[in-house]
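Please keep the structure open while reading.

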Amino acid sequence: MATLRQHIATNVLAVTRFRDLVRKVRAYRPEEDQALVKKAYEFSEKHHKGQVRESGEPYLVHPLEVAILLAEMRLDATAIVAGLLHDMVEDTTVTPEELKAEFGEQVAHIVEGVTKISKIEFASSEEAQAENVRKMVLAMMDDIRVVLIKLADRLHNMRTLEYLSQERQAKIARETLDIYAPIAHRLGMGKIRGELEDLAFQYVDPISYQQVKEAIESRRKEGEAFLAEVTSVIQQKLRENKIQARVEARIKRIYSIWQKIQRQRISVDQIYDMLALRVITQNETDCYAVLGIIHNQWRPVPGRIKDFIAIPRNNFYKSLHTTVISEKGHAFEVQIRTEEMHKMAEEGIAAHWKYKDGPVSARDEQRLAWLRQVVEWQRDMKSSDEFLATLKIDLFPEEVYTFTPKGKIVILPRDATPIDFAYTVHTEVGHTCVGAKVNGRIVPLRYKLRSGDIVEILTQPGHHPSRDWLQLAKSTRSRQKIKHWLNIHQRERAIEIGRKLIEKEARKYRIALKNISEAELARVAGEHGLGKPDDLLAAIGYGKYSARSILARVLPAEAQLSGAGVTEDDSGASGLTSVVKRVFGGGGDTSAIKVKGHDDLLVYRARCCNPIRGEEIVGYVTRGKGVAVHSKSCANVMNLMFEPERRIVVEWGHDPAARNWTVGYPVKLVVFCDNRPGMLKQIATVISDANTNIQNIEAKTVEDHATVDIVADIADVKHLERILGGVRKIPGVRDVQRMQKI
């Protein structure tokens, strides 16, 4: 019976609060369609049925309270509906597609945005990143209502935080201080910011909170009496000077007092603005007139006069501040502002669009310059589309704000890829990067990151950068790190090639390289303007000097380099070819590629793109390695071909009439599919039915989806297209891609 009574009481509470919501919305937006709000309430009631909060009240109460907070901000019906539904995707079985079908694309988009923020875990160790997080959250949303709903959501959660465990209380309160209160401040929403800070402070540092609270309470009675006396004096002076204004008295907030104590290393007694008054005038001129009246009545404290009207704060807060000393020696602060400035200070961006008549002026546009984009706004907005166009934001159009899984912000240039993200985290993470998960899904390295993406880098020990990363990387840091690695390792390989070439040349004369002194090699290196023997060997490996000419300078005078003892197998191109193939790995049927006009040049398929027969190809003359053949679509082509003299025309040789399908070019395929029994077997069957040899196959699963990596021998482009088409027809296959690098 008690449970039934409680159930009835909570239902009555929910219905009562919903009526309050409708009444508030109707009061400031009578033209809005209330039917959609009612539909959202019923939808929320249905899908949250049976869910209970930690306080014991039905979960439905939470979205209702969030919607009421949004109504107090005077947001439109779309925002109210989204507030009622903001936990649907995260806490029920409802999908974004269902929300879109029931309530439209805008509501679904806003709810998805709120859900995205909710999934981010802001670790307390990342406190120093708070400012960047604020920028990121703003930049990642193309609809300001997402942020406003999240603030309302957090405010109601903070009001009911007492029902959670101490550990969760501390975590959520710390997030609130580091993330959400600063967002409210950045948006100029002083009222919400103040409540969030005070609510969070009592859980983050309960001892300090209690100490400051007791200090305030011990002075409250005396302070309130003093403020009442001063208020009476100011009101009298305003009447004498015929200035229309109202006066508000306040005692500074607990958290704000504590911050000042910590920042300035002072006691509560030394805080000048613990007692404060606000004089709210009709216009800006009266603000300065009131300032003069205050200074005529009481002596101002030097250095404590601040004109935030002439020079607004970075969130475009405007007000005049002055601290004065009364006849009894009490210091108090007076803030002077217009009605519009006051609404802006309390409600921030939510106050702009509802209090201004007519189109935005140039000065008003500057007020929100930090948002980078405020289209025209006016008081009476007739539709949600107009509201959305008005409050669209793109804070930093040339930057992308992304998160690590632990909540740390990573700022990247626009169009940045996971490679940029990896190198920003750490150089070694970049070097060993093999892939990435963005928002829980595996993406290719060419994926362009967007603000708000949560990125997890996948690494593999022993993996190294390739030249094609230079085309994918956008940040200066990552490109420099990649080039540095390539330069070092190309040099190591060039030294290895140079040593093998000179050893091979020396063997022709029955001379071991170890018998040639380091000093002799150093001497010859010096003659060529090089610092040490390794520089000389690298130059040989790059093809700058021939092994024969260098050997001639270090061999004893009696040794002859006329070619005695040199066999056809030892000579020239074949020697270079064998060395390069051993070091770099020729791979595939390189003899099928011909250099136009040359029959004796070493040709190898570039590993960055692994071109296969039938693709358009281009040749690049390397130093000491022969001609590298790239697919014309290879990302590295633009990086490599900036030296026209090193380009060379290459072509596929004639296709033999009797094609052997079991021998081909190794190609890596990545299949994104459902995780279900029999999927791997079907994929393998389709590939083998195309007369294809599978060299390697690996599968990775994450919940309901899987990624299958396959290396198969492909004869040509038509063969590849046949396999791709067959795999795509398998039920449950979402996508299949050819990865250029194996």
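Strand β13 (residues 603-605) pairs with β15 in the parallel sense, over three bridges. Two strands count as a pair if DSSP finds at least two bridges between them. Helices (H or I, at least four residues) and strands (E, at least two) are DSSP runs, numbered from the N terminus. This is a predicted model: local features need pLDDT of at least 70, side-chain atom pairs count only at pLDDT 80 or more, and totals for chains, interfaces and linings use all residues. Residues are numbered from 1 along each chain as its sequence is written, and side-chain values use heavy atoms, with hydrogens and water left out.

**Strand β15**

Arginine 605 has valine 629 of β15 as its bridge partner. Strand β15 spans residues 627-631, and five of its five residues are buried. Buried means under 20% relative accessible area, exposed means over 50%, and partly exposed lies in between (1.4 Å probe, protein chains only). Both faces are covered. Val627, Val629 and Ser631 are buried on one side. Ala628 and His630 are buried on the other.

**The antiparallel sheet**

Strands of a sheet pair through backbone hydrogen bonds, either parallel or antiparallel. Here, four strands form an open sheet with antiparallel pairing, in the order β19-β20-β18-β21. Its edge strands are β19 (694-702) and β21 (733-739), and each pairs on one side only. Neighbouring strands of this sheet are turned by 15 degrees against each other on average, direction ignored. Axes are lines fitted to C-alpha atoms, for helices over the stretch in contact, and angles run from 0 to 180 degrees between N-to-C directions.

Strands β19 and β20 (residues 705-714) run antiparallel, joined by eight bridges. Isoleucine 697 stands opposite isoleucine 710 in β20. Which strands does helix α29 lie across? Helix α29 (residues 717-728) lies across β18 (665-674), β20 and β21. The helix runs at about 160 degrees to β21. Contact means heavy atoms within 4.5 Å.

Most residues other than glycine have a negative phi. Arginine 74 has a positive phi although it is not a glycine. Asparagine 439 also has a positive phi and is a residue other than glycine.
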